[in-house]
Amino acid sequence: MTSPSSPESPWPVRTVARKVAEWIGRLGEVWVEGQVAQLSRRGNAATVFLTLRDPAADLSVPVTCHRDVADRPGLELTEGARVVVRARPDYYVARGSFSLRATEIRAVGLGELLARIERIRRLLAAEGLFDTARKRPLPFAPAVVGVITGRDSAAERDVLVTARRRWPAVRFAMHHCAVQGPNAAAGVIDGLRRLDADAAVEVIVIARGGGSVEDLLPFSDEGLVRAIAATRTPVVTAVGHETDTTLVDHVADVRAATPTDAAHRVVPEIGEQRRLVDGLRARARALVAGRLEQQERWLESVRTRPVLAEPQRLLAGRADDVLALRGRATRTLTHRVDAAERDLEHARARVAALSPAATLQRGYAVVQRADGALVRDPAEVADGERLQVRVAGGRLPVRVDRTTSTTGTPAGTTTRTSAGTPSGTGTGTGTATGEDGAP
Amino acid sequence: MTDTPGPETAAEPAQTYEQAREELADVVRRLEAGGLTLEESLTLWERGEALAELCQHWLDRARERLAAARPTD
């Protein structure tokens, strides 16, 4: 072994080169996975040079291999292709350059690619990067929209044209970068950082047209997905066709089917909004007007109710009552008066019938004693007693005189007068009246 | 006996529309039920008229405000 080097006895370059070669050789044969960054074949030179890049770490390493290894049938080695290489570290002593000497290159097949993406997806999902809880709502009408897309790409045009048509006031913060190949992911990540830092940008759209799985691979790049998860500004992805799903779609706040759809999601359509607002105003007005009309109809119905509309009916009712009552009162009164009159007449008739006046009129007379008692039997009166005789014309004071003899008939003799003159009175001679005279 | 309404000055009437409407409905109910003295019927009728005017006032005001708010469409 050579003695240790020192300033006094430095090693010659060849020693150092040999030692380095030795060290490097110790790594031995490895399988390494990466993306073909550059690929150069000089004419039919035996050796093919390429650089293998690690997309996640943005590092690369030179690789050399025999042309047959590179041109193995079935392996379409192209730039951007993902490959797995079996190689040994090789230190080219002459120029002191390091490279990997590949003895076998395998293309990472589509299945392999998808499997790889799936692995990354599960890993990130487990970390919760795709949780819906993390999804942020998009701003309603953002003033500035950040757009990360390929320069002059169809996707860019779709987003810009559609958005402007929908919401003329919108402005854009553009970030153009590669949307395919090894440094696409890095370009997008760079754009994300720049636009996210810009406070004016309220939403970021990552737009890319359709492409093969390989083309879209950068959009399933772990680094890019983490970058999106880390941005504060909401991110909308519009990558590939509607049917393609890349990992960015899972982490994005909103996944748009196409760049045009992204424009629809990001800005409202002004005409539509105006119609919406007008519709709401009309409905509000209709509701109020309807309620007003309903109340007016109610008031109308109440005011036409008879009790209000024709109060006189109330009075009329009462007036009729009064009229009826008066009628009844009058009738009752009349009846009563009539009855009273009739009674009066009856009474008068009876009085007339019972009253002595008529009898006296017919010539009878009534004899009363001093005390007014009626004399019905001569025996009741004493001789010489003063009596009163009432005749139709008036009264006659008389005295009883039984002295004149009348043929042996004791007191109480009766004298009959000729038929036809009812009165049997003696004038001044005290003879009692006869019992009955022809009336 | 319902209290006869205070003179409705030009300022905002004391009762809200709903209160006036409620009382008006009640007045009509009582008038229709009958069994009131003449004086009560008259007073009640007057109250009903006043309330109806009040409701009309509110509805006219509402109609004006709605028309005023009408955009020049």
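Helices (H or I, at least four residues) and strands (E, at least two) are DSSP runs, numbered from the N terminus. By that rule, chain A holds 13 helices and 13 strands. This is a predicted model in which local features need pLDDT of at least 70 and side-chain atom pairs count only at pLDDT 80 or more, while totals for chains, interfaces and linings use all residues. Residues are numbered from 1 along each chain as its sequence is written, and side-chain values use heavy atoms, without hydrogens and water.

Of the 439 residues of chain A, 34% are buried, meaning under 20% relative accessible area (1.4 Å probe, protein chains only).

Chain B touches chain A through 27 residues, which meet 20 residues of chain A; contact means heavy atoms within 4.5 Å. On the side of chain B that touches chain A, the elements giving two or more residues are helix H1 (17-33) and helix H2 (38-68) of chain B. H2(B) gives the most, with 14 residues. The table divides the residues of this side by type.

| Type | Members of the type | Residues on the chain B side |
|---|---|---|
| Nonpolar | Ala, Val, Leu, Ile, Met, Phe, Trp, Tyr, Cys, Pro | 16 residues |
| Polar | the others, Gly among them | four residues |

The area buried between the two chains (accessible area, 1.4 Å probe, lost on being put together, summed over both) is about 2,200 Å², and carbon and sulfur atoms give 62% of it. B:Leu59, B:Arg63 and B:Leu66 supply 23% of the area that chain B buries against chain A, more than any other three residues.

Four salt bridges (a side-chain nitrogen of Lys or Arg within 4 Å of a carboxyl oxygen of Asp or Glu) are found across the interface. One salt bridge joins the side chains of B:Glu32 and A:Arg305, at 2.8 Å, N to O.

Notes: Chains lettered and ligands numbered in written order. Buried < 20%, exposed > 50% of the residue type's maximum accessible area, 1.4 Å probe, protein only.
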